[in-house]
Amino acid sequence: MIDEIYKELNKLISYLKDDEKGKVYKALKLSEAAHGNQLRKSGDPFITHPLEVAKILTSLRLDGDSIVAGLLHDTLEDTNIKISEINENFGYEISNLVQGLTKISKYSLKVNNQKFGENYKKLILATTEDLRVILIKLADRLHNMRTIEFVKNENKKINTALETLEVYSPLAQRLGMKEWQDELEDLSFKVVNPDARKSILDRLEYLKSQDENIIDEIRYELKKTLLQEDVVCKVEGRKKTPYSIWNKIKNKNIAFEQLSDIMAFRIITNSTRECYRCLGIIHRKFPYIHDRFKDFISTPKSNGYRALHSSVMGPKNKKIEIQFRSNVMEQIADFGVAAHWKYKDPKKIKEKDAKEYQWVHDLIDSMNSSSTQDELIENSKLKVFQNDIYVFTPKGDVIELPKNATPIDFAYSIHSQIGDKCVAAKINEKLQPLKTILKNGDQIEIITSESSQPSPLWERFAVTTKVKSQLRRFIKSKKKDEHILFGKDILYSFFKKENYEINEKIEEQIKNKFNLNSINELFELLGSGSITSAAVLKKIYPEYKYKPNLKLNYKNENYVQLKGLTAGMSYHLAGCCSPILGDNVVGIVTAGIGVAVHTVDCQTLLSYQDTPDRWINVSWDSKNKINSLSNSRIIVVLKNQPGSLGKVTTLIANNNGNISNINFSVRKKDFFEIIIDIEVRDALHLQNILAALRMEPQVSSIERVKG
């Protein structure tokens with residue numbers, strides 16, 4: 001068997017230069033000697049595995065160093081070979097590839113969920129250092145999946161298949177390697193859900209028996225139609241893979257019988273011009289299905305994929321999907337970035353095609369922004385099946401974004417500083433709210449201000465993981481600063497109230513007593529409610545006895561009353577969201593301070609997700625006075641036209657709202673952003689004012705500030 005594979009490999013590396021071939025033969029001998037009498041689970045000599053990996057790599061026509069690394073990829077982990085020996089025999093570049101592959105092999109990505117995110121991050125980092133590392137690893141996984149039936153441990157087999165579906169198949173997809181993606185998915189599907197796969201295959205076989213030559217007949221009709229127009233091209237037809245059919249059944253929640261596009265056809269031409277010509281011919285002959293046309297030639301996917309997609313009611317009155325590609329597009333569609341090795345110097349690929357790998361860097365950015373293990377795991381996972389949209393910058397550059405993306409996602413995709421300083425957006429030259437959902441073909445201009453900073457509100461309508469992570473990091477940092485200032489104020493006020501001195505010397509004692517690196521750590525704990533001022537005072541002065549004042553003093557005759565509080569418990573309406581009568585609210589208990597009342601959708605509540613014991617259910621008491629007023633804050637984006645501000649203030653006054661404060665946060669040539677504080681009776685009163693303002697043509701957008 002080895003001799004046969006050896007001969008086959010000899011033919012497959014014929015495209016390499018003689019010096020590269022010499023390295024391959026040398027690596028083969030070293031690998032064979034190192035693995036010695038080791039056997040695979042199948043009973044075959046272990047050397048058959050690196051040989052098969054090398055064969056798979058030659059199908060991509062990878063460079064000699066990659067083939068050598070494929071032959072040696074298991075030697076460091078499974079034999080006595082040292083990295084110094086590989087470096088001495090083959091040089092730094094190959095030893096670096098082998099070392100990178102050995103590191104990846106040690107990562108358990110699926111089995112140990114707690115380490116999934118961190119290990120996957122290392123895998124992605126290896127990709128950015130040298131793309132060949134992941135190509136070799138994918139080839140290694142592909143051969144392991146081809147022989148997975150020899151693994152006897154059922155749990156290990158399922159974990160390997162799940163890891164392949166969740167990690168390696170999405171990576172193949174993002175690299176544009178459709179052929180490998182399909183095979184990895186099918187082999188994994190066979191392990192994870194063999195019954196579903198068999199059911200789909202049986203159904204496909206039944207359909208074939210009903211009309212055995214359906215694909216050939218449709219292919220013939222398409223070919224004949226194009227030949228009549230003197231178009232020379234290749235027409236291919238196939239049934240979709242069981243796994244892709246299974247996903248469509250699951251995602252669309254439909255039965256197999258309802259699937260009408262299980263057949264896909266490719267028309268492969270000699271040029272881009274011919275692709276468009278063929279599309280026109282097919283659309284003239286067969287009715288095309290609306291909303292099923294996509295042009296990935298003028299707006300390629302981020303992995304470099306280019307083609308035209310259309311669905312038509314084709315020959316035999318069958319609904320079919322057709323892809324139009326040139327010969328070069330076909331290579332890239334099947335082998336993605338790896339196809340570039342046929343046309344370009346692999347060492348220059350990173351510079352020339354950096355845009356195609358931007359998703360890798362974005363993924364690492366979002367992972368670095370993760371503050372918890374769960375968030376890291378979530379950010380690690382590739383969003384494989386989300387639909388993308390394509391929008392344009394003012395200069396006409398194409399930006400790829402996920403479905404339901406907003407100008408906030410667009411701003412951060414340009415640059416994080418653009419996102420941080422974003423204040424407004426023009427969509428197709430018209431001023432629109434930042435929460436507007438973008439559509440294919442929109443042209444977006446982001447308006448910035450140096451004095452601006454990210455708003456916690458943005459996280460509600462941002463879609464991309466990168467943006468959400470950056471916003472959470474900013475909010476967390478801001479919240480920490482607020483807790484420190486608040487905590488210091490609490491501590492100093494409490495010491496003063498209890499007639500105890502506090503100064504820098506006392507602060508140093510407190511820091512030492514609590515074993516903290518900085519007094520700010522204590523202030524943060526106080527500000528977040530993790531400890532009380534009384535506990536700090538008791539730590540410094542053990543003889544101190546705290547006597548809490550349980551009496552409530554209602555100084556404000558319009559003070560709102562709440563249900564759900566324990567008798568004697570003090571509370572205040574949180575300034576971050578300024579809840580008003582009629583809002584759905586919740587209470588957060590802070591020891592030594594009382595209860596802070598927030599609206600249920602206030603972003604500040606994210607800080608208390610890990611302390612459910614501090615949450616209490618509260619609601620407005622029906623005894624609240626009708627004439628009591630609450631303060632609410634709104635942000636208005638207003639066209640910069642004469643009299644526009646006057647119209648806004650008049651509308652508020654006409655609806656019985658009282659403006660207590662007004663501030664211009666942004667001034668631009670064509671618009672203003674204004675923050676207005678309004679005194680209102682309740683939530684319904686505020687809604688009426690907002691509705692009236694939205695009817696005013698001068699108002700571009702308006703929203704209430706809550707958290």
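**View 1. The buried residues of helix H3 in the predicted model.** Thr48, His49, Pro50, Leu51, Glu52, Val53, Ala54, Lys55, Ile56, Leu57 and Thr58 are the residues of H3 that are buried, where buried means under 20% relative accessible area. Helix H3 spans residues 48–58, and because 11 of its 11 residues are buried, the helix is largely enclosed by the rest of the structure.

**View 2. The crossing of helices H9 and H10.** The axes of H9, which covers residues 131–146, and H10, which covers residues 154–174, come within 11 Å and cross at roughly 140°, and H9 passes H10 in a left-handed crossing. On the H9 side the contact is made by Ile134, Lys137, Leu138, Arg141 and Met145, which meet Thr160, Ala161, Glu163, Thr164, Tyr168, Leu171 and Ala172 of H10. Sorted by class, this contact of H9 with H10 holds seven nonpolar, two polar and three charged residues.

**View 3. The buried face of helix H24.** Within H24, which runs over residues 504–513, the residues Ile506, Glu507, Ile510 and Lys511 are buried. Viewed down the axis of H24, these buried residues fall within an arc of 145°, so they line one face of the helix. In general, an α-helix has 3.6 residues a turn, so residues three or four places apart point the same way.

**View 4. The two ends of helix H24.** At the start of H24, a side-chain oxygen of Asn503 reaches to within 3.0 Å of the backbone nitrogen of Lys505, while just after H24, Asn515 takes a positive phi of about 55°.

Key
Residues are numbered from 1 along each chain as its sequence is written. This is a predicted model: local features need pLDDT of at least 70, side-chain atom pairs count only at pLDDT 80 or more; totals for chains, interfaces and linings use all residues. Side-chain values use heavy atoms; hydrogens and water are left out. Buried means under 20% relative accessible area, exposed over 50%, partly exposed in between (1.4 Å probe, protein chains only). Helices (H or I, at least four residues) and strands (E, at least two) are DSSP runs, numbered from the N terminus. Axes are lines fitted to C-alpha atoms, for helices over the stretch in contact, and angles run from 0 to 180 degrees between N-to-C directions. A crossing is left-handed if the near helix is turned anticlockwise from the far one by less than a right angle, and right-handed if clockwise. Contact means heavy atoms within 4.5 Å. Ala, Val, Leu, Ile, Met, Phe, Trp, Tyr, Cys and Pro count as nonpolar, Asp, Glu, Lys and Arg as charged, and the others, Gly among them, as polar. The arc is that of the directions from the helix axis to the C-beta atoms. A polar contact is a pair of N or O atoms within 3.5 Å; within protein, one must be able to donate a hydrogen and the other to accept it, and residues adjacent in sequence count only if both atoms are side-chain atoms.
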